[in-house]
Each structure stands twice: as structure tokens, then as C-alpha cells.
Amino acid sequence: MEKKLASRKSDRSEVRGETEDFRDHLATADKEGRRKWVYPRKPRGRYYRARIWLTWVLLTIMFAGPFIKINGNPLLMINVVERKFSVFGVIFWPQDNLVFALGFLLFLMGIAVFTAAFGRLWCGYACPQTVLMEMVFRRIEYWIEGDAPAQKKLDHAPWTASKVGKKLFKHGIFLGLSFIIGNTLLAYIIGIDALKDLITDDPRRHLAGLGFMGLFTLLFYGIFARFREQACTFICPYGRLQATLLDENSIVVGYDYKRGEMRGKLQRAETAAARSARGAGDCIDCFQCVSVCPTGIDIRNGTQMECVNCTACIDVCDEVMDKIGRRRGLIRYASLNGIEKGEPLRVTPRLVGYGVILLCLGLGLLALLVTRSPVDTTLLRAPGALFQKAPEGRISNLYLLKLTNKTHHQMPVQLKLENVDGRLTVLGGQLDLPAERQTEASVLVEIAPEHLRSGTTPIVVGVYAGGKRLNQVKTVFVGPRK
Ligand code: SF4
Ligand code: SF4
């Protein structure tokens, strides 16, 4: 696929009579490999306005998320420390490994299908990195330092009181915001209640937690104040997957080179007809699309790994087209086939194949969730314990029982030997499982020798609550050789 895209890009370059040397270097690095700071112009236009509205919605969800509880559990919690996970208020445990594995496969497959169909729509509209960088931190920067030329001028100006004031103000806000974002991430990891304890309790009891709080704050500050677009181009693996996931029918932010080339400056008082007559395309080579790009690329060179589909170049080019009286959409959402052959967007066999796999995985996950037992049981023979012989002749084995109550309520459970005549006793009495907790107990199983095989006998233990069997576990009972 990459070859196919590359050859089309070569076609386009031939149209322009240009080389593809832009592929040999990063737009954000100079010849010596030093970073070139990107000063993107402030975007404006219909897509940007839509992204502002969406940003409000996404930020509300992101920051409110840790406070929302369903059945007393967080909406989303990934507590790797206690190995406890909550998704839409349902608690999952490490024992739900099949659910996790299938969920992860579904997530990866979902990414593949979505990307094959819609390109990097996620990056442009919903990725937290883009949303926070372009719609929050960047907008604060525009507000304090002005648009790109003013920022550049300020950076190159001597350190006056005004410059120091502006920089301190900006970085103070950046640090404060990074603190809030870091704490939000922490709340998603350990839960909002644990975060409240961390903040209100004696700091000496939470040194590790407070350390992470500081670390996350500095990390986010570093990303949004300095690292910026490099997080997308150097770190994020998703951008690098584009070459394998995109095909010529995927929707991308694309430049219509058939319409735009041969590009050339607009001559004074030149009419559209006169421009066409001299073989010039619609692109007036104004570089506005490059000047607004937060990753510093020229979309006219074709689909590039650095493009995060932020749509700023679409908006600005539409504005240029309006001004010169040409049709909007020289840069637009389109597939390569759409631009090259005028083909409408279509569902390809690859997309259907992905979709079928996605559906199967989704159904599998649904079946797992529906049949998921509310109690997880592990029954293992006590390590190092041999069988015992009671005076009346019965043989006994000692087991360690681990029960995980995944429900939101306390649950009294009973155990029964299912396949052999015998007696099962929970040492310590009735098992009353607290909600969303693990309980451990010792269990003694006694079986008369006539019901045993020589050596080991497989046994099945059922776990019951309210007369209903919740699950069964198999283990072995060790007795004398006959
Ligand atoms: S903004 Fe449009 S017209 Fe201007 S250089 Fe870019 S593609 Fe060409
Ligand atoms: S090329 Fe256009 S859509 Fe892609 S990152 Fe740059 S401005 Fe955004």
C-alpha cells in the first residue's frame, strides 16, 4: 500500500515538476537536526468552530469522569496498583483475563477498521493530546502572546519586563493546567476517593502518591509547553500505523492536486478564466495552509505521517478560495481515489473483512460479559499438606479457597461437593462475601475410602448463593494407593 501511495505522490510531483526531498527531512528540524520551533497561525473557520464545540464536550467528559459513579463505582478506573478496574461502573478483576484479552483485541480491531475507513479522524477531533495542545494550551498562548508572528517576535525580542511578565504568566497557567490534568489522570488510576485521601491526609503517609502527582504534572507541562507536536510525530505509534492501515479509499485531509496544480501566484487583476487559460491551477501558492499547520508540514506534498488531521489547512484554504472566487475544497476530506479518479467513498472488501472480525469479537465479548460469573473461585490444595486419616476411617485433604465477589452487594455462599459422596467444611464458618472484595478461607474435604480411587481422585466443588449455582471448580483429592 505504501508503495502505491508513494507512486501516486510521485505522479503528483511530476505534475509539479518537483522532487520529493521533503521526505528526507522532518519539517520541524533543520539540516543539523536541531528542532525548528513551529509557530502555527491561529486557525479559524467552520471546522475549527466545530472542534471548539466538541472540545467543550470532551473536556467536560474528561474532567467530570472521575466524579461520576455508577452503582457506587467509578465510571472508569484503571487501578493497576490494586489490580482493580472499573468500566461503566462494573468492576473487573485480573481473573477476568479473557474479557481483558478480548476487549483489547476488539479495541485494536476497532482502531484498524476506524482508521481504514476514516483515517485519522480520531487524532484531529478526539485525541487528548491534540485536544489539549491545540484547543487549550495553544489557545491560551494565542491569548497571552498573540498570533504566530507576534509569538515569534516576542521569542526573538530581548528580555524586557513585559516579556518576562508574559512568559511567567503563560507558564504559570500551563503549570497549573498540567497539575489539574495530572491529578485527573491520577484519579482515573486510583479513583477519586483515594485521590481525595492523598490530598487531605498526612503527606508523610502518601509519599509515593504525591511523587506521582508531581511527576504527572511535570510530564504534562513538558509535553504541552515544550515537546508539543513531537509527541505525535516521534512517540505516538498510531501515526506510524497509518502506512499500513490507510488505503486509497480511506478518508484523509487531502490536497486536490488535479485542481490545484500547476500552482502559481495570483497575478494582479487576473480573472479565473485567464488563470485557467495559462494552465494555472487553483492553488495560488500562498502558503497559508503551511502557516497554520501545527506540525509544520505542507499538505500539498500528499498524506504524511505528521498530519494529525486537525483541519486547520482546510479552513484556511477555503478562506483563500472564497477570496479569489474559487470553489471551496481544494484541501478537503477526501480519499486518494476520490481526488484522483473522482470516485465516491466506498466500502472496500478489506473494510468488510475487518468489520466481520470486529463483529465476531464484539459478539464474543458480549457473550463473555453476559455469562460472566458474579463470583470467581480458586480452590487449591494447601501447599505441603498430605492427606490425613480420621479415626473413623475417612480421608481428609486441606484446601485454600479464594473467592472474589464481583458484585456490588454482600453475598452469603455455600460450597457443595458435586461428584463424590463426602463432607466439605469451611474452616471459620459461614462464607459471607463482602461486595467487590476477595475472601480467602481454608476448606477441609473428607471422603470415605470406598469412594476414592487409588492415589488421586478428581473432585468438583460447586459454589451456591440463594440456591443457585454460581460456578464450579475442579481440583484433586489425594488419598492412599490401593
Ligand atoms: S492555502 Fe490553498 S491556495 Fe494557498 S497554498 Fe495552500 S493549497 Fe494553495
Ligand atoms: S496538514 Fe492540515 S490537517 Fe494535517 S496537521 Fe497540518 S494543518 Fe492539520
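Let's start with the largest nonpolar core, which has 36 residues. By nonpolar core I mean a set of buried Ala, Val, Leu, Ile, Met, Phe, Trp, Tyr and Cys residues joined through C-beta atoms within 7 Å. Buried means that 20 or more other C-beta atoms lie within 10 Å of the residue's own, with C-beta atoms placed from the backbone; 12 or fewer is exposed, and in between is partly exposed. The members touching the most others are Val253, Cys289, Ile299, Cys313, Val316, Cys317 and Ile331. At least two residues each come from α3 (97–118), β6 (252–255), α15 (312–324), β7 (331–334) and α16 (336–341). Helices (H or I, at least four residues) and strands (E, at least two) are DSSP runs, numbered from the N terminus. Helix α15 gives the largest share, six residues. Apart from this core lies another, of 17 residues, including Leu401, Leu433, Val443 and Ile459.

A quick word on the model. It is predicted, so to speak of local features we need pLDDT of at least 70, and side-chain atom pairs count only at pLDDT 80 or more, while totals for chains, interfaces and linings use all residues. Residues are numbered from 1 along each chain as its sequence is written, and chains are lettered from A and ligands numbered from 1 in the order in which they are written.

Back to Ile299. Leaving aside neighbours within four places in sequence, Ile299 is in contact (C-beta atoms, placed from the backbone, within 7 Å) with Val253, Tyr255, Cys289, Cys307, Cys313 and Ile331.

And which residues are closest to ligand 2? They are Cys293, Ile299, Cys307, Cys310 and Cys313, out of 14 that surround it; near here means a C-beta atom, placed from the backbone, within 6 Å. That shell has eleven nonpolar residues, three polar and no charged. Ala, Val, Leu, Ile, Met, Phe, Trp, Tyr, Cys and Pro count as nonpolar, Asp, Glu, Lys and Arg as charged, and the others, Gly among them, as polar.

Now the strands, which pair if DSSP finds at least two bridges between them. An open, antiparallel sheet of three strands runs β3-β4-β5, with β3 (76–79) and β5 (90–92) at the edges. Four bridges join β3 to β4 (residues 84–87); Leu76 stands opposite Val87, and Asn79 partners Lys84. In their hairpin, with four residues between the strands, Arg83 has a positive phi near 50°.

Finally, β15 (residues 456–465) and β16 (residues 468–478) pair antiparallel over ten bridges, with Gly462 opposite Gln472. Two residues separate these strands in a hairpin, and Gly466 in the turn has a positive phi of about 60°.

Notes:
Two residues are in contact if their C-beta atoms, placed from the backbone, lie within 7 Å.
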